[in-house]
Amino acid sequence: MTSRRQLLKSAVLGGGAGVLAATAMGSLGPEAAFGAAAPDIVPGAPDPNFAEGRIRSVKDNTLFVLGSNMVFHRIRVVDGTSLWKLGPVAFDQARPGDGLYARGVRMPDGVLAAESVWLNIVNIKGHVRNITSERLHLDHNGQEIVCHQVPGKSVAVYSDAPPSADLSLLRVGQHVQVLGAWRPDTNQVDIATVFSPH
Amino acid sequence: MNGIAALQPYVIGPLLVWAAVLKLFGRRTRAQAGRTALARLVGAARAVPALRLVGVLELAVAAALLLPPAVPAEGAAAAALSAGFLAYLAYARRAAPMSSCGCLGAHARPVDLRGFARAGLLLAASVAAVWAGPHPVDAPLAALGVAEAAALLALSPELDHAWLMPLRRLLVRLRRPLAVPSPEEVPLEVTLRLLYRSPAYCSASARLSSDVRETWDEDGLRFVVYAARGRAVVFAVPLGGEDPAAVRVALIDEPAVA
């Protein structure tokens, strides 16, 4: 791992540049950027390349997921799959019980080969009812949701300023939007980003 | 005991007058009547007349309680009204759990335990008021009255903005519960936002085929690695930096895992 990192480091610090030359990556013409065909989906029909639900079990590199509409999905996680759980994580972080959104390519055998998997991701709007030690108590349509500040991970975005690790400018009574990771079967969320309008 | 009974009309009465005035004359209350559980009970079109009717009832009971002479029927009427409130809250909780009760003016909070506690306290006070008679006021009795009124107000979510929110803001200001635990620790999200704005990322983003694969900190820089169709793109982002132009990028063939 160290030598791999050394290699990557010396590549970017030695030969690295402020921008990549267009030719370094092959054609950057618009036909390449927009080359991917638009998804061929009838409006109103479910997107075959998308799955949501909760993980029932994990076997080898396959997630067995029961959708909220009781449809069963098999989702294969491959080398190129990006997993998110309060940040980029490795496959071993996917646990039974986790909620999930996955996007990828549906294989002929019905397995979804995932490009991206988001575990427990939630996006909540609400009013800050109270702030206690490293917790925001959110009123979301009358339901209390406890949002935990995770040191080194949680950031706040005030208006359109760059994100900051400092959440202390949040005030009781204000409106916020929280992007975070749900703790399964609780009303608790770990904060990834909290957006404040001011 | 007589004293406590004699006190109750002067606790319930003002609360009922206040509730009635808000229902009869509060413009916001009427505007939001459609969103209360009352609208569910009687229909949205009849919500405002129903709200007015309740207001008139409250005003009548309050007037009977506050004006002499004290007769047991006044307490009984107040108790019946309070029992009605409790039944209405139970209905609201079951039939329209997301609606507010519309008891003391407009607010968006659904019926919760505090609402039941307030209606229960009102019912207990109303029952006690049945035995109300003339009684001299002394200091302990006055203190009890103030405490009862304070309890009724504290149980009213409509008033939270007047005392609970400033109190919590003050506590937050004193205790600083969200202070940054260790300022030198830079969350990945901060780095990524700087990265996304950099010319280096813009030049490479079209060909990235993964989310962040790997990241580590070294020499004041944060290295962020993405996959790019069998190759690797590595960015070096200054930790704590603010200039997107300082981000450097390299595209290399994926090194064999050592």
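The model is predicted: local features need pLDDT of at least 70, side-chain atom pairs count only at pLDDT 80 or more, and totals for chains, interfaces and linings use all residues. Residues are numbered from 1 along each chain as its sequence is written, while chains are lettered from A and ligands numbered from 1 in the order in which they are written.

**Helix α4(B)**

Helices (H or I, at least four residues) and strands (E, at least two) are DSSP runs, numbered from the N terminus. α4(B) has 20 residues and reaches 28 Å from its first C-alpha to its last, close to the 28 Å expected at 1.5 Å a residue. That expected span is 1.5 Å times one less than the number of residues.

Next, color the buried residues of α4(B): A47(B), L51(B), V54(B), G55(B), E58(B), V61(B), A62(B) and L65(B). Look down the axis of α4(B): these buried residues fall within an arc of 135°, so they line one face of the helix. The arc is that of the directions from the helix axis to the C-beta atoms. The cover over the buried residues of α4(B) includes α1, α2 (27–31), α3, α5 and α6 of chain B. Contact requires C-beta atoms, placed from the backbone, within 7 Å.

**Helix α5(B)**

Select residues 72–95 of chain B. This is α5(B), with 24 residues and a reach of 34 Å from first C-alpha to last, close to the 34 Å expected at 1.5 Å a residue. Its buried residues include E74(B), F85(B), Y88(B) and L89(B). Among the elements covering the buried residues of α5(B) are α1 (2–25), α3 (37–42), α4 (47–66) and α6 (113–129) of chain B.

**The sheet of chain B**

Move on to the open sheet of four strands in chain B, with order β1-β2-β3-β4 and antiparallel pairing. Two strands pair if DSSP finds at least two bridges between them. Its edge strands are β1 (214–218) and β4 (248–253) of chain B, each pairing on one side only.

Zoom in on β3 (231–238) of chain B: six bridges join it to β4(B), antiparallel. Find F235(B); its bridge partner in β4(B) is V249(B).

**Where the chains meet**

Show both chains. The contact takes 50 residues from chain B and 50 residues from chain A. On the side of chain B that touches chain A, β4(B) gives the most, with five residues.

**Strand β12(A)**

Finish in chain A with β12 (188–196). Six bridges join β11 (175–182) of chain A to β12(A), antiparallel. The two form a hairpin with five residues between them, and D185(A) in the turn has a positive phi of about 65°. Four bridges join β10 (155–158) of chain A to β12(A), in the parallel sense. Last, select A156(A) and its bridge partner in β12(A), V194(A).

Definitions and conventions:
Two residues are in contact if their C-beta atoms, placed from the backbone, lie within 7 Å. A residue is buried if 20 or more other C-beta atoms lie within 10 Å of its own, exposed if 12 or fewer, and partly exposed in between; C-beta atoms are placed from the backbone.
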